[in-house]
Amino acid sequence: MMPTRRLFRPVLFLLLLFASISCAARYPYEKKSPDELYADAGVDIEKNEPDAATAKLDYLKNKHPDFPDREGVAFRYAQIKKLYGKYWKAFVAFREFLDQYPVSGHRREAGELIYDTGVKLTQSTSSFLGLGIARDSDDGVLVLEYFVDNFQNSSLASEALRRVAQYKFETGDFQGAIRGYQRILRSYLGSQWRDLAEFRIAISHLRGVRRADQDQSELLKARESLSNYISLHPEGARLDEAAAALREADEMLAESEYKIGDYYVVIEQPFAASMHYKQAIVNYPGTEFAARAESRLAQMPKNIEIPPAKFPVKVKN
C-alpha cells in the first residue's frame, strides 16, 4: 500500500495545482462592469476567440438585461457566427441586424463582413450530402447580390457584381452573367471590370447558343458585341480571344443560314432556300458553311421564280 500512497500524493498535488491555476486564470465575470464585459468581448472577437466572446456576451445578456447598447451586442453575436464559420447563419444575423438597426453606426462594417461572407461561400465546394445540390456557392451568390442591392455605393460593389457574373458564367447561366456584367457597365462607370464585362457579355451571348439554326438572334447579338469590342479596344488584352470568338460566331451564323436554306429545299421553296444560301455567302465569306452554301446554290436552277404572295394586295380601279 505504501508505494501506491506515495504515488497518490504527488498526483493529487498536481491536480490541485492545475485547479488553482485554472481558478486564477478564470475570467472574473462578477468583477466586471457591463461596459467592460462588452469591450472585452470585442477584444476576443478581434483575437478570433469566439468561445470567449460568446461567454462574455451571454453573461452580459443574462446578468445585465438592461445594458443599453443592445445594438452593439446584436452586431457582435453576428460577428461571432462568422468566426465560427457558420457563414449563411452569419449572413442571416447581419441581415436581421440591419433590418432592426437600418441607421446603425455598424452599417459599413456589417456590409464589409457580408461581402466577405459571400466571397467565402462562393469559394466553398460544399453541397447537400455532397450531391452537388443546395451548394454553399449558390448561397454565396445570393449574399453578394444582397450586398450589391443594399450597399450600391460601396467600393466593393462592382467587385461583388464581377464575382456574381463570373460564377454564373462558369456555371452556364449565361443570361444571368449578361445581366451581372451589364449592371457593372450601367452603374459603375469607373470600374476596373468594364473591359472584362464588355468582353464577357459578347462571349455569354455566344456560349448560350444551343443550336445555330434556332438561336440566330443570340448569335447576331454576339457578333455585334464582339465587333464593337474589337473596334473599341484595338489594343486590348483580350483582342485575340475576341477575334477568335467573332470567327466562331460567323461560322455559326453561316451554318444557321445554310440549314435554314436546306429546310426550304425540303419543303420545296427554292427561292427562299436560295436567299438563305446567298446570305451565308455574302455575309460570312470564308466560312465552311459559306462554301457549302455556294456549292448547294450552284446545283440549283439559275432563274428561280419569286413565289406569288400568299395574300396578294387587291388594287382598286
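The side chain of Ser256 forms a polar contact with the side chain of Gln216 at 2.8 Å; such a contact is a pair of N or O atoms within 3.5 Å, where, within protein, one must be able to donate a hydrogen and the other to accept it, and residues adjacent in sequence count only if both atoms are side-chain atoms. The model is predicted, so local features need pLDDT of at least 70 and side-chain atom pairs count only at pLDDT 80 or more, while totals for chains, interfaces and linings use all residues. Residues are numbered from 1 along each chain as its sequence is written, and side-chain values use heavy atoms, with hydrogens and water left out.

**Ser256**
- Ser256 belongs to helix H12 (residues 239–266); helices are DSSP runs of H or I with at least four residues, numbered from the N terminus.
- Ser256 counts as buried because its relative accessibility is 0%, buried meaning under 20% relative accessible area with a 1.4 Å probe, protein chains only.
- Apart from neighbours within four places in sequence, Ser256 is in contact (heavy atoms within 4.5 Å) with Ala212, Asp213 and Gln216.

**Glu218**
- Glu218 is placed in helix H11 (residues 216–232).
- With 14% relative accessibility, Glu218 is also classed as buried.
- A polar contact of 2.8 Å joins the side chains of Glu218 and His205.
- Residues up to four places away in sequence aside, Glu218 touches Gln175, His205 and Val209.

**Helices H5 and H7**
- Trp88, Phe91, Arg95 and Leu98 of H5 meet Asp139, Val143 and Tyr146 of H7.

Technical notes: Helix = DSSP H or I, 4+ residues; strand = E, 2+ residues; numbered from the N terminus. Buried < 20%, exposed > 50% of the residue type's maximum accessible area, 1.4 Å probe, protein only.
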